[in-house]
Amino acid sequence: MSNGWDHAQGLADKHTGSGSGLFVRLANNGDKIVGAFVGEPYAREVHWGGERYEECTGDGCSFCGDGKRPSLRVSMNFFVPSEGDLKIIEGGVTWFKDLLKVRDKYGLGKWLFEIERHGEAGDPKTTYTILPEERLTDAQLKEIDGLRLHDLPKVVSGGGDSFDSYDKDKGGRTIDGRTASELMPRLKALPRSALDTFLGEFGIQRVRDLKASDEKAARALLDRLEADSKQEEDTSIDPFA
């Protein structure tokens, strides 16, 4: 076992029983994602600071001084075949323990896995299952080899979120890939002026930059723009053509 796995498993053992488009987000009960774990894990002990995870500094840690116990977070690069790119997935003790079991039984280098959330948004009893989906194809393995791994210590220390920290603060985060993929075809079907109205309303240049907290308002505006566009099409029909 490599040093990265040894370190992460050691921290997981210690914590057993204790209470950005870049990151995988499973926000609601039943949400799933299929992908492959790539590279080594990056484990750290953290405290939730209200807006982001803050790394525990050990001796002299202000959070520990206030009686707050640190929790374990383990991050990994995660290949998502539907997007053809690497994201970052992160979980806690139970999640990592399950990942170790899957790794020991199947190995991680040749399989796609399905991860599913079990628990509503905000439910502290939320759990995740990790099940083998199918073997990676030779083409997918070649694709993964050509991708550059994210620098996990650098990225997560910058305050990144994870697939379960989504519940804690939704305000500053952007919509996930699935939502963006749903909205973009509808926007592409609209006149350019309507698209400009949509982007201007939320102060963005790309649909993927839409904040998750604005999703409900964005859907309502899109419904209105589609209705207006359809009405314009109906009135532009020449009955004598």
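The model is predicted: local features need pLDDT of at least 70, side-chain atom pairs count only at pLDDT 80 or more, and totals for chains, interfaces and linings use all residues. Residues are numbered from 1 along each chain as its sequence is written, and side-chain values use heavy atoms, with hydrogens and water left out.

**Overall make-up**

- The protein has 8 helices and 6 strands; helices (H or I, at least four residues) and strands (E, at least two) are DSSP runs, numbered from the N terminus.
- Read from the N terminus, the order of elements is α-β-β-α-β-β-α-β-β-α-α-α-α-α.
- The protein has 241 residues, of which 41% count as buried. Buried means under 20% relative accessible area, exposed over 50%, and partly exposed in between (1.4 Å probe, protein chains only).

- Of the 18 residues that line the second largest pocket, Lys32, Ile33, Glu83, Gly177 and Arg178 are the closest to its centre.
- The search uses a 1 Å grid over the protein atoms alone; a pocket is an open set of points where a 1.4 Å probe fits, with protein on both sides within 12 Å along at least five of seven lines, and lining residues have an atom within 4 Å of a point.
- Strand S1 (32-48) and helix H6 (177-188) each give at least two residues to the lining of the second largest pocket.
- By class, the lining of the second largest pocket has 7 nonpolar, 3 polar and 8 charged residues. Ala, Val, Leu, Ile, Met, Phe, Trp, Tyr, Cys and Pro count as nonpolar, Asp, Glu, Lys and Arg as charged, and the others, Gly among them, as polar.
- The second largest pocket lies between domain 1 (22-157) and domain 2 (177-234), because both give residues to its lining. The domain bounds come from an automatic or database domain assignment.

**Strands S1, S3 and S4**

- S1 and S3 run antiparallel and are joined by 8 bridges; two strands pair if DSSP finds at least two bridges between them.
- S3 (residues 71-80) and S4 also run antiparallel, with 7 bridges.
- S3 and S4 form a hairpin with 4 residues between them, and Gly84 in the turn has a positive phi of about 65°.
- Ser75 in S3 stands opposite Tyr42 and also opposite Glu90 in S4.
- Val74 stands opposite Gly91 in S4.
- Both S3 and S4 are mostly covered: 9 of the 10 residues of S3 are buried, as are 6 of the 7 residues of S4 (residues 85-91).

- Asp151 lies in the loop between helix H4 (138-145) and helix H5 (152-156) and is partly exposed, with a relative accessible area of 43%. Asp151 and Tyr42 are 109 residues apart in sequence, and their C-alpha atoms are 9.6 Å apart.
- Glu226 belongs to helix H8 (residues 215-235) and is partly exposed at 26% relative accessibility. The C-alpha atoms of Glu226 and Ala189 are separated by 8.8 Å, with the two residues 37 apart along the chain.
- His118 lies in strand S5 (residues 111-118) and is partly exposed at 30% relative accessibility. His118 and Lys32 are 86 residues apart along the chain, and 9.6 Å separates their C-alpha atoms.
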